[in-house]
Amino acid sequence: MFPEGIYHCSLTELHCDENPLLEHLPVLSQNINDVFYLKEMCARMLLRSFKDRNSPLRKQCMTRPDIVNLLKDARKCVLCEQSYLYSWLECVHFVDAKNVLKLSNKAGTIPIRACLCSYECFYSENHNYFAVSYPT
């Protein structure tokens with residue numbers, strides 16, 4: 001799986017032919033409900049409050065360097081664009097490398113990493129993201 005930032009690389013060619021790690025073999029998954037830790041729930045609430053510049057909660061947090069430092073590693077869900085801190089669902093979406101990355105060679109379809117904030121986003125309609133399953 002290629003990193004999300006591959007879109008920002010100025011590649012002219014990409015060679016990944018016959019790589020078995022790039023196979024697009026979807027399997028059915030089980031519907032799992034998210035149960036977040038208290039720390040994750042609080043972080044998401046704080047991150048939502050940060051969107052409002054006049055939020056009293058945001059102003060209080062900005063006076064606490066330890067909180068600001070903790071929340072600086074937050075990321076955004078590729079579907080709903082909500083912020084999360086520790087808990088996410090690792091996914092991929094498959095793209096035509098030549099068209100999307102504007103390559104000169106035909107690299108075929110490649111998996112690009114994407115992170116979703118929850119199973120709720122994953123089970124929503126109209127997206128082309130597949131959860132990554134690691135063998136145990």
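Me: Is Tyr-84 buried or exposed?

Reply: Relative accessible area decides: under 20% is buried, over 50% is exposed, and in between is partly exposed (1.4 Å probe, protein chains only). Tyr-84 has a relative accessibility of 0%. So Tyr-84 counts as buried.

Me: What kind of model is this, and how is it read?

Reply: Residues are numbered from 1 along each chain as its sequence is written, and side-chain values use heavy atoms, without hydrogens or water. Local features need pLDDT of at least 70 and side-chain atom pairs 80 or more, while totals for chains, interfaces and linings use all residues, since this is a predicted model.

Me: What share of the chain is buried?

Reply: The chain has 136 residues. Buried residues make up 35%.

Me: Where in the chain is Cys-77, and how far is its C-alpha from that of Ser-118?

Reply: Cys-77 is found in the loop between β1 and β2. Cys-77 is buried because its relative accessible area is 2%. Cys-77 and Ser-118 are 41 residues apart in sequence, yet their C-alpha distance is 8.5 Å.

Me: How many disulfides are there?

Reply: A disulfide here is a pair of cysteine sulfur atoms within 2.5 Å. A search of the whole structure leaves the count at zero.

Me: Which cysteine has the nearest sulfur to that of Cys-115?

Reply: Cys-115 is in no disulfide. Cys-115 is buried because its relative accessible area is 1%. At 7.5 Å, the nearest cysteine sulfur is that of Cys-91.

Me: How exposed is Cys-42?

Reply: The relative accessibility of Cys-42 is 35%. Cys-42 therefore counts as partly exposed.

Me: How many aromatic pairs are there?

Reply: Rings of Phe, Tyr and Trp (its six-membered ring) pair if their centres lie within 6.5 Å. Planes under 30 degrees apart are stacked, over 60 edge-to-face, and the rest tilted. The count of aromatic pairs is five.

Me: What class of pair do Tyr-84 and Trp-88 form?

Reply: Trp-88 is partly exposed because its relative accessible area is 37%. Its ring centre is 6.0 Å from that of Tyr-84, and the planes meet at 40 degrees, so the pair is tilted.

Me: What class of pair do Phe-122 and Tyr-123 form?

Reply: Phe-122 is buried at 12% relative accessible area, whereas Tyr-123 is partly exposed at 30%. Ring pairs also link both to Tyr-119 in a cluster. With centres 5.1 Å apart and 70 degrees between the planes, Phe-122 and Tyr-123 are edge-to-face.

Me: What is the volume of the second largest pocket?

Reply: On a 1 Å grid over the protein atoms alone, a pocket is an open set of points where a 1.4 Å probe fits, with protein on both sides within 12 Å along at least five of seven lines. Grid points are joined across faces, edges and corners, and the volume is the space filled by probe spheres set on them. For the second largest pocket this comes to about 180 Å³.

Me: Which elements each supply at least two residues of that lining?

Reply: Lining residues have an atom within 4 Å of a point; among them are Leu-47, Phe-50, Met-62, Val-68 and Arg-75. The elements that each supply at least two are α3 (65-71) and β1 (75-76).

Me: Where is Glu-81, and what is its phi?

Reply: Glu-81 is found in the loop between β1 and β2 (83-84). Glu-81 counts as exposed because its relative accessibility is 53%. Although Glu-81 is not a glycine, its phi is positive, at about 65 degrees.

How values were computed
Helix = DSSP H or I, 4+ residues; strand = E, 2+ residues; numbered from the N terminus.
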